[in-house]
Amino acid sequence: MSAAPEPDEGARIIPLGNGYRPPPEPEPDDRGSFERGVAAGLSFLRRRMSGDYPVDEFGYDPEFNRTVVLPPARLLFERWFRVELDGVENIPDKGGALIVANHSGTLPLDGIMLTVAAHDHAHRDLRLLGADLVYQVPLLGHLSRKAGHTLACQADAARLLDKGELVGVFPEGFKGVGKPFGDRYKLQRFGRGGFVETALRARTPIIPCAIVGAEEIYPKIADFWPLARLLGLPYFPITPTFPLLGALGLVPLPSKWMIQFGEPVPLDEYEATAADDPMTVFNLTDHVRETIQHMLYDLLLRRGTAFL
Amino acid sequence: MSAKPSAAARVVLVTGVSRFLGARVANALQADPSVERVIGVDTVPPTLPLGRTEFVTVDIRTPNIAKVITSARVDTVVHLNLVTVPQLGPRLKMKEINVIGTMQLLAACQRSPDMRRLVVRSSAAVYGSSPRDPAVFSELDEPAEPPASGYARDAVEVEGYVRGLQRRRPDLVVSLLRFANFLGPDVDTPLTRYLRMPVVPTVLGFDPRLQFMHEDDGVEVLRRMTLEDHPGTFNAAGDGVLLLSQALRRAGRPHVPVPAQSMQVLGDLGRRFAGLSGFSPELLRWLMYGRVVDSSRLAAELGWRPGYDSATAFDEFVRAQGMGGNPPAELLDRLAGALGGTR
């Protein structure tokens, strides 16, 4: 059962609140691995049932994330999308940093894949900044908080960066994730540059990140906007399989993915007042956007066909 | 009235002294030798013994409160009369006590030449609860959706009047405290009643982040604020957060998720037939979206951290209530024991 902690996970648990006891070191014993697995599973269940686990002030539950959210996501990451990574060494081992990535795919699976990449290959917990729509939906909002993500607002981003967390943001927002298939890999406007301001204030580097492959998982060929307006959604996608095949249309197409992390853009040389200078913010925003667009073209060439 | 406020409070007036917080704060203050007199006021006689605190039956909604303040030459007012439980009657009465009472009290404070310091108990509920809020509120953050009803709205209005007084009497040292939900052996609030329900309903699809403050810590904060000069607005909550699901598991309470719409109906049924207090709109929103405040400013100002964090304050409450049996966890323990596994 997957509840058994992985051997390299011991150091990854962050003791956050008081009242949290780190799980006791397993004593070296001669029991079989099956028995050890059962014992670990039971102690995990007991911890969960008695509420004896830490949650940080954003609602992040590292144990829940590791044992419930990540395993299925990892399966998608490794088997379905066969994600290839590049430049993982550009993610710092510790300290705050802001990953800025392109957003696509109709449903934000790119965020989940980015989380797996950061967790499994850079050994960092990625804290994404999500749209407020996510937090208005029952279940989804609280699941997202338990997985470590929070609302995209300046206060939350600044607080996370100040704590030395690795924060991820998709500045294109709905314009990116909901763009028609014909516009694939064309970066949309990067919001109002709020992410640059926040990074400047926190004096943390920006890591540009390009994700290739998410565009093809649900090719949005049309938008049934009357229904979207009725449901209060930003768009109602029509893909080759959805809603034609019903629930089956929700299975993402198995495109080949590549994720590249670029060279960090250091921001600690800027003055403290740079965040209040719109020109600096615009220039940095454009610089990051250009970098990601170039990385995208580059990766597309390297990937070749989308589904093989 | 000197320009520099003197260090010690001499005559302290405590409002709301017949309720748990007022009585405990009055007791803490009278233990301090530098305080000459502690005067407690409320509309009903106190239930707890008050020691050398002088009790005056006065309704702070009437101008009589001004007479008490002038005749006793009160220099420090500790306003704890924020009613959060609509038990004293209809909502209208609660609002009147909270808002009109505060207005009368502040008017009296403004007039009195002896006044030097004002400590007001407010609530973190002034931040409201909504999905568009920042995850953690600092004192400067504005809520996305300010509370529209209930005692939370009253607290917002009370804070408004306090700021008004501050503008007109800049010589006063005014401390405004936004407390998270109190928990403790003596605390009786809609929250503690909710937690004591035989089966606790939760809102389907929501698992809010909650914060608690142990009453001992609350009393200590108010005592320090009364005896020392700490002007400003401060959040006050125990460190850390608990999710509602986590809290209910820690308490070993049976709970059942209920759709948000039925929750209101359930609360009304409970109020009508079972003598429960029902779910006020602000409690319901809190049970959906929760609220977390950052109290690092208070910790820095006082050079002090609460003795209980949110989790230990809750555990203490669970112990005092005699809750905490957790049959599924005990079953697992037996199972693990039978398998010879280490816990």
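Two strands count as a pair if DSSP finds at least two bridges between them. Strands here are DSSP runs of E with at least two residues, helices are runs of H or I with at least four, and both are numbered from the N terminus. Keep that handy for the tour.

Some housekeeping: this is a predicted model, where local features need pLDDT of at least 70, side-chain atom pairs count only at pLDDT 80 or more, and totals for chains, interfaces and linings use all residues. Residues are numbered from 1 along each chain as its sequence is written, while chains are lettered from A and ligands numbered from 1 in the order in which they are written.

**Stop 1: the sheet in chain B**

Select the strands of chain B in the order β3-β2-β1-β4-β5-β6-β11, and you have an open sheet of seven strands with parallel pairing. Look at the edges: β3 (54–57) and β11 of chain B have a single partner strand each, so one side of each has no neighbour in the sheet. On average, neighbouring strands are turned by 20° against each other, direction ignored. (Axes are lines fitted to C-alpha atoms, for helices over the stretch in contact, and angles run from 0 to 180 degrees between N-to-C directions.)

**Stop 2: β1 and β2**

Now pick residues 11–15 and 37–42 of chain B, which are strands β1 and β2, paired in the parallel sense over five bridges. Val12(B) sits opposite Val38(B) of β2(B).

**Stop 3**

Select residues 173–179 of chain B. (Buried means 20 or more other C-beta atoms within 10 Å of a residue's own, exposed means 12 or fewer, and partly exposed is in between; C-beta atoms are placed from the backbone.)

On one hand there is β5 (residues 117–123) of chain B, parallel to β6(B) and joined to it by seven bridges. Ser123(B) has Phe179(B) as its bridge partner in β6(B). To get from β5(B) to β6(B), the chain passes through helix α4 (residues 150–168) of chain B, making a right-handed β-α-β crossover. Right-handed means that, with the strands pointing away from you, the path from the first strand over the helix to the second runs clockwise.

β6(B) also runs parallel to β11 (residues 232–236) of chain B, with five bridges between them. There, Arg178(B) has Asn235(B) of β11(B) as its bridge partner.

**Stop 3: Val162 on the helix**

Stay with α4(B), which lies across β5 and β6 of chain B at about 160° to β5(B). Click on Val162(B), a residue of this helix. Val162(B) has 21 other C-beta atoms within 10 Å, so it counts as buried.

**Stop 4: where the chains touch**

Finally, show both chains: the contact takes 31 residues from chain A and 34 residues from chain B. On chain A's side, α1(A) gives the largest share, eight residues.

Notes: Two residues are in contact if their C-beta atoms, placed from the backbone, lie within 7 Å.
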